[in-house]
Amino acid sequence: MHKVFQLARLSLALPSRHPRLAVAIGRLLGLAFTICFLTGLYSHFIQHPLPWMFFPDRPVWLYRVSQGLHVTAGLACIPLLLGKLYTVFPLLFKWPPFKGGFVTVIERASITLFVSSSLVQLGIGVLDIYQWYIFPFNFLQVHYALAYIIIASLAIHIAFKLPIITRWWRKKDSVDDSGDLLPVEEGELTLEDSPTARGLTGIVYRWIDKQAPQAPQKVSRRTVLGGIGAGAAVIFLTTSGQTIPALDKLNILGPRKIGVGPQKLSVNKTARSAGVAAKAYDPNWLLTLKHGKKRMSLTLSELEAMPQYTVSLPIACVEGWSQDAVWTGIRFSDIAKLLGAEDNDFMVQSLQKGGYGRTKLEKNFVNNDQTLIALKLNGDRLSLDHGYPARLIAPARPGVLQTKWLSSLEVL
Ligand SMILES: Nc1nc2c(c(=O)[nH]1)N[C@H]1C(S)=C(S)[C@@H](COP(=O)(O)O)O[C@H]1N2
Ligand SMILES: [Mo]
């Protein structure tokens, strides 16, 4: 037990808890949260576009990279946020809490909101990539709403801390000639040590000191920064193989492995769980084409008799995994030509009702030569779970919009 208190005392020792370290971690955290916010908005609006929005259909890897960044940066936020909390946590218990009046109330409210919503955001984000929905609310709605709360409270927090941030932003302003950190100036930021600490922090400090009364050892700033960096690196290396093929061998924590699944490709929704297995295997399956009152339908053999094209395009899931695959089928634009609707958007409907059974395909995607009604995957007929008899595959789109088990295409 004595050892535990010694360790606690060691980790409470001061010099690592310096505004320079808070700023150094804060910069990385700010960058990571900004990446998450922007890529998150992109992912949200490509799925729920506002009327005036346009989404590019190239480069093919656009969504793959954007969502890979979203999940990777989000995971890196975990050690960064914990490290930042370690650095500043005595401040969280400053006593009296609202000394400084109304402004302090706002400041502390914003930081409380930021810390609590970030912890929830990162927590449910991790649960989502493992598809472990143990929380009693809708992931997408809450994740989306929290994003705005986090960014707004972060902006308020940064505004309050601007003097400290600018003071300690540059290394040359932060150290003396021998490279040691300059002391914190009076009134600038109080990161107290045990003899002077007041309030809850002081009580905790002194209580621990009583249990383990030896002189506190110091944890250096480098050790803390190194620990956080190592944590982020380990998380990156052991998860990002699910989207970066070169790191596949190190992928021990990512929920998906490259090349594992039917036809060497992961499956998110199976035909059975979508309730479409029987309909998809029906020998009388038809792809219905609708243009106003006009109706046409094509059998699988008729689709197979049309000119076939082969493209290499990734499935890039919102959950962060992505994998390249080779798809063969007919060009979507050939269907549009057949219907005389090359300048239109399409509604793509699956045999699956509800869920991700429907997607709107904007005309730039319709006319992209790589957008296919795929019939084959990696050289063989699509397996049931990959969308047999026909699925949509288009460049630069999230996996959720690559609709499987097609039943109709409608001109809008
Ligand atoms: N009809 C339908 N299509 C769907 C889905 C679905 O739930 N229903 N899931 C999508 C999701 S989230 C992904 S990531 C891709 C995965 O494609 P794959 O299972 O062939 O790898 O399919 C998409 N197509
Ligand atoms: Mo997905």
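1. A salt bridge here is a side-chain nitrogen of Lys or Arg within 4 Å of a carboxyl oxygen of Asp or Glu. This is a predicted model, where local features need pLDDT of at least 70 and side-chain atom pairs count only at pLDDT 80 or more, while totals for chains, interfaces and linings use all residues. Residues are numbered from 1 along each chain as its sequence is written, and side-chain values use heavy atoms, with hydrogens and water left out.

2. Searching the whole structure turns up 10 salt bridges. One of them pairs glutamate 107 with lysine 161, with the closest N and O atoms 3.3 Å apart. Glutamate 107 sits in helix α4 (residues 102–129) and lysine 161 in helix α5 (residues 139–167), so this pair ties together parts that are 54 residues apart in sequence. Helices (H or I, at least four residues) and strands (E, at least two) are DSSP runs, numbered from the N terminus.

3. How exposed is glutamate 107? Its relative accessible area is 22%, which is partly exposed; buried means under 20%, exposed over 50%, and partly exposed in between (1.4 Å probe, protein chains only).

4. Next, have a look at arginine 331 and aspartate 369, a salt bridge whose closest N and O atoms are 4.0 Å apart. Arginine 331 belongs to strand β4 (residues 322–331), and aspartate 369 to the loop between α13 (363–366) and β7 (372–377), so the pair links parts 38 residues apart in sequence. Aspartate 369 is partly exposed at 42% relative accessibility.

5. Finally, a network: Arg170, Lys172 and Asp173 are joined by salt bridges that share partners. Within it, aspartate 173 and arginine 170 meet at 3.3 Å, N to O. Both are partly exposed, aspartate 173 at 27% relative accessibility and arginine 170 at 44%.

Conventions. Chains are lettered from A and ligands numbered from 1 in the order in which they are written.
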